[in-house]
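Here are a few exercises to work through with the model open beside you. Try each task before you read its solution.

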Amino acid sequence: MSSPGKLRLLSKLSEGSIERFEPTVTDEGRVKYTEVEDLLTRLDGTSREALNTLAERGLLAQEYTTKIYVCPSCQTDGMQYITACPSCDATNTLRTTFFEHESCDYTGESIEFEGENGTDTYYCPNCKDELDSSEMDITQKHLCKECSEPFERPNHRLWCLDCLHLCAPEKATEQTLYQYELTEDGKNWYEVQTSARTRLADELTTRGFNVHVDTNVHKDENKSYPVHLHAEDDLLNHQIVADIHSTVNPDKLRYISTAAREIQARPLLLTIDDRVPDDILQIANERGVTMLWVDRDDSIRRYESLGDEHRSGVNIIDRLSSAVGLTSREGS
Ligand SMILES: [Zn+2]
Ligand SMILES: [Zn+2]
Ligand SMILES: [Zn+2]
């Protein structure tokens, strides 16, 4: 399968409770896929990493939504556009009205030309002439409040909401954001995986286990392992933890055996793949992980130890009795 966190993402889309995962940029300038973060565990990385992994596997389709700029100083996402003074780079500037007295060439802010309170008369602050609007050129300019320099075109800048770093747009890292939807392949994949999990849960329930799917196991609260399935038989003091994966690799074997060791459980790994390479089976053997697979008739079967072909026609009812054993793991 995928990690329990990623599987939860797919389940939201598959069940239609969420149509797609869309990015938002928070007030602090961080990109968030809000619903995604609540579903993931520490094993899944950031929400963007988890979604990208699923997209690379073809389970999700990504569609362009927007671009953001990442702060070159502190790596915070979502820098914001701001204008700055071309002389001193201060951002404390404003766009205001300027008058130019055509005959003496003096240019200044409109406020400098205003007469006494309440009168409509304008005076040139340079030559003191009384002016009417026909003698003045009226323009809009930017004025820097730091260095008092008026200017026509401001500098384009980006600023970081987190560390307040200011830079030219080309200095920031451009990052493309996508929204993610379930593909047809993703939908099928999800169904195969969850039906395998349900199948295994049913088998274990039939055998008297108390089964929890999509759960965490832990000895102490601080070190919790998300697993696809946890089964307990309190009477015989047996516990099983199981993960379901389309393909198996050493990391997945290591993970389930570590999770199992934590609570003295038996590790199972159910794979949809009926061709697991010998070196993987070897590692499973060494780590004490029982390898199961689902055949075309939807029956769960057990891989015999290395060297044996899996014997078809014998289903889990026979196989799992040896997998689970009647003694607890410590005794075996
Ligand atoms: Zn920054
Ligand atoms: Zn300035
Ligand atoms: Zn003048």
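**Exercise 1: A strand and its neighbours**

Strand 15 and strand 16 (residues 238-245) run antiparallel, joined by 5 bridges. This is a predicted model, so keep that in mind throughout.

Task: Find which residue of strand 16 is the bridge partner of Ala 231, and which residue of the hairpin takes a positive phi.

Solution. Start with the pairing: Ala 231 has Ile 240 as its bridge partner in strand 16. Then move to the turn, where 4 residues lie between strand 15 and strand 16. Among the residues of this hairpin, Asn 237 has a positive phi near 60°.

Now look to the other side. Strand 14 (residues 210-218) is also antiparallel to strand 15, with 8 bridges between them. One of the pairs to locate is Val 217 with Tyr 225 of strand 15. The hairpin that links strand 14 to strand 15 has 5 residues.

**Exercise 2: The zinc site**

Task: Name the protein donors of the zinc ion (ligand 1) and explain why their arrangement is tetrahedral.

Solution. First list the donors: the SG atoms of Cys 71, Cys 74, Cys 160 and Cys 163, lying 2.3 Å from the zinc ion. Along the chain they follow the spacing C-x2-C-x85-C-x2-C. Then check the angles: the 4 donor atoms subtend 103 to 114° around the ion, which makes the arrangement tetrahedral. Finally, compare accessibility: Cys 160 is buried at 1% relative accessible area, whereas Cys 163, at 34%, counts as partly exposed.

**Exercise 3: Two helices**

Task: Determine how helix 1 (residues 4-14) and helix 3 (residues 47-56) cross.

Solution. The two axes come within 11 Å and cross at roughly 70°. That makes helix 1 roughly perpendicular to helix 3. The contact involves Lys 6, Leu 9 and Leu 10 from helix 1, with Ala 50, Leu 51, Thr 53 and Leu 54 from helix 3.

Terms used:
Residues are numbered from 1 along each chain as its sequence is written. Chains are lettered from A and ligands numbered from 1 in the order in which they are written. This is a predicted model: local features need pLDDT of at least 70, side-chain atom pairs count only at pLDDT 80 or more; totals for chains, interfaces and linings use all residues. Side-chain values use heavy atoms; hydrogens and water are left out. Two strands pair if DSSP finds at least two bridges between them. Donors are N, O and S atoms within 2.8 Å of the metal (3.2 Å for Na, K and Ca); water is not among the atoms, so sites may look incomplete. Four donors count as tetrahedral if all angles lie between 85 and 135 degrees; four count as square planar and six as octahedral if opposite donors are over 155 degrees apart and all others between 65 and 115; anything else is irregular. Buried means under 20% relative accessible area, exposed over 50%, partly exposed in between (1.4 Å probe, protein chains only). Axes are lines fitted to C-alpha atoms, for helices over the stretch in contact, and angles run from 0 to 180 degrees between N-to-C directions. Angles under 35 degrees count as roughly parallel, over 145 as roughly antiparallel, 65 to 115 as roughly perpendicular and the rest as oblique. Contact means heavy atoms within 4.5 Å.
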